[in-house]
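Reader: I'm new to this. Could you show me how to read a protein model, one feature at a time?

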Amino acid sequence: MVVLELTLSRGLIEPREIPDLVRAVESRVPAGGTEPVVVSGRLPVWAFAALAHLFHPRPWVGTFDPRLGGGVVVMSHDPSGPSVGDVVSTDGAAVVTVEF
């Protein structure tokens, strides 16, 4: 599993910046791959949606919720993996940090 930790350098993002955000993220974590991805950071819901779409080829995608202490699976193609709505521990996961 890869945990993608996003930080917005200005503290905000505008919808017109989504293509640049996706390019910045994909330069560090390719869209395709065999590992699931959990996206973490203070982002608008539409930015999370764009990143979930980016990682669609992955086995599953989650968003990190600190209140739940893990990644909430929001999309899954892996019948033997977690289901949508499951909370998955991110302990021991590889962490990739992207500042945008």
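**Starting from E26**

Reader: Which residues does E26 touch, not counting those up to four places away in sequence?

Author: Contact means heavy atoms within 4.5 Å. By that rule, E26 touches A31 and L54, once residues up to four places away in sequence are set aside. Before we go on: this is a predicted model, where local features need pLDDT of at least 70 and side-chain atom pairs count only at pLDDT 80 or more, while totals for chains, interfaces and linings use all residues. Residues are numbered from 1 along each chain as its sequence is written, and side-chain values use heavy atoms, with hydrogens and water left out.

Reader: Where is E26 found, and how does E26 count by relative accessibility?

Author: Helices (H or I, at least four residues) and strands (E, at least two) are DSSP runs, numbered from the N terminus. E26 sits in helix 1. For accessibility, buried is under 20% relative accessible area, exposed is over 50%, and partly exposed is in between (1.4 Å probe, protein chains only). E26 has 37%, so it counts as partly exposed.

Reader: How many helices and strands does the chain have?

Author: Two helices and six strands. Going along the sequence, you read β-α-β-α-β-β-β-β.

Reader: What about the nonpolar core: which residues touch the most other members?

Author: A nonpolar core is a set of buried Ala, Val, Leu, Ile, Met, Phe, Trp, Tyr and Cys residues joined through side-chain atoms within 4.5 Å. The largest one here has 23 residues, and L4, L6, V25, V39, L43, L51 and F55 touch the most other members. Strand 1 (2–7), helix 1 (18–26), strand 2 (37–41), helix 2 (45–54) and strand 6 (94–99) each give this core at least two residues. Helix 2 supplies the largest share, five residues. Apart from that core there's another, of six residues, including W60 and V73.

Reader: And L51, which residues is it in contact with, leaving aside neighbours within four places in sequence?

Author: L6, L21, V22, V25, V39 and L43. As for E26 and L51, they are 25 residues apart along the chain, and their C-alpha atoms are separated by 9.4 Å.

Reader: What radius of gyration does the chain have?

Author: You take the radius of gyration over C-alpha atoms, and the globule rule is 2.2 Å times the number of residues to the power 0.38. A compact globule of 100 residues would have a value near 13 Å, and the chain has 13 Å, so the two agree. Also, 42% of its 100 residues count as buried.
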